[in-house]
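Try each task before reading its solution.

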Amino acid sequence: MEKSLERFLRYVKIDTQSNSESQTVPSDPKELDLSREILRELKEWGVEAHIDEFGVLYGKLPGVEGLDPIGLNAHVDTAEETSGKNVKPQIIKNYDGGVIRLNEEYSMSPKEFKGLAKHIGEDLVVTSGDTLLGADDKAGDAIIMAVLEHYITHPEEKHHTICFAFTPDEEIGRGPDHFDVKKFGAAYAYTVDGSEPNEIAFENFNAAHADIAIKGVVVHPGEAKNQMVNAASIAAKFDTLLPEKARPQYTEKREGFVHLIEMSGDCGFAKMHYIIRDHDRNKLEALKNSFLEAQKILQKEFPAAEIEVKLVDDYRNMKEVLDKDPRALTHITKVFESLNIPLISNPIRGGTDGAGFSFKGCPTPNLGTGSYNHHGRFEYLSVQEFNQMIEIVKRCVSAEIE
Ligand SMILES: [Zn+2]
């Protein structure tokens, strides 16, 4: 078996699920089991690297002076939705286009998973049906390690200085919190955390959230006339006053939404939690404004109620940064041109650590890994695309592309 695939399979067997309930950094110490494994290999190769007090692994492979130092990043944690414990990856050699049986209960049919058709003839790594695979983002980890190993074992091949970082807690949105772009040292960087090998992602959502708290007036229901104000009923009405079609189930591509994540309440008190998303900053502001409008209308209708709306911005679309500093995009365009691969781009309907790094001063779009259906039991990796990504990232830091 190829060394890079062996490394990937070794990484996915390490349980590194992060935990949004935890307030520690990293959110679960087990995430560092993988970081330490990566550090062990790097030390074996004699590469300068360390894990800092926030659990971020930083290192550098010095290259040709005068060329921009290029950053590479992948995260070590896996998503909360599905367990990442006891991952038992299965390899399907030379996929024939049929139904893939994961276990007694679960299988993947090309009817349901349309993407499978393009992998006929490839080797796929799939789960055993009861965990996620963790190719998000251990494929990214293994791709970066394969590139580092390549340049260490081929000192005659000149390259940019490679600044690499392996980060915890991406899946719970805390990746950039303690990320030090100065220590990282890259002029610009790439996260290796997407799917399609020929896709570069540099547009993500602008994100905010809203917390609504409503205090009602509690009176015995038998004597409630003209006195009772039911907070739970106001909450239900509040939701109907927000843009009805701007909801996740009605939107795609660059359309934004408000999403009611959670609501609870009774006559005396009700609360709601929403997330708000749009690629366009002005449209995000308009969506945020709809919460204040709803508040105004209901406050007028129910003067005895106390309606509080708290709006908080979370992350921003990195396109803002990349429009001003397009070096990362110009560079990757040259890389794909030199490989004769057509480059595509789609807006991410979510966030990415790279957005946080970009706003901290290191423009960081996202590259693919050759893995799909992230966060669940149907996650899989195409070995051929994974290998192709190793070649693309190698080329990306090669001194041949200035
Ligand atoms: Zn990821």
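**Exercise 1.** Find which element gives the most to the lining of the second largest pocket, then describe that lining.

*Solution.* Step 1: α10 gives the most, with 4 residues. Helices here are DSSP runs (H or I, at least four residues), strands are E runs of at least two, and both are numbered from the N terminus. The model is predicted: local features need pLDDT of at least 70, side-chain atom pairs count only at pLDDT 80 or more, and totals for chains, interfaces and linings use all residues. Residues are numbered from 1 along each chain as its sequence is written, and side-chain values use heavy atoms, without hydrogens and water.

Step 1: list the lining. Among its residues are Glu2, Arg7, His150 and Lys394.

Step 2: sort by class. The lining has 2 nonpolar, 3 polar and 6 charged residues. (Asp, Glu, Lys and Arg count as charged; Ala, Val, Leu, Ile, Met, Phe, Trp, Tyr, Cys and Pro as nonpolar; the others, Gly among them, as polar.)

**Exercise 2.** Explain why the largest pocket lies between domain 1 and domain 2.

*Solution.* Step 1: take the volume, about 1400 Å³.

Step 1: examine the lining. It holds 40 residues, and Glu170, Tyr315, Gly350, Gly351 and Thr352 lie nearest the centre. Two or more residues come from each of β14 (306–315), α9 (353–359) and β15 (366–367). The largest share, 4 residues, is from α9.

Step 2: sort by class. The lining has 11 nonpolar, 14 polar and 15 charged residues.

Step 3: conclude. Domain 1 (3–203 + 317–397) and domain 2 (206–315) both give lining residues, so the largest pocket lies between them. The domain bounds come from an automatic or database domain assignment.

**Terms.** A pocket is an open set of points on a 1 Å grid over the protein atoms alone, where a 1.4 Å probe fits, with protein on both sides within 12 Å along at least five of seven lines; lining residues have an atom within 4 Å of a point. A volume is the space filled by probe spheres set on the points, which are joined across faces, edges and corners.
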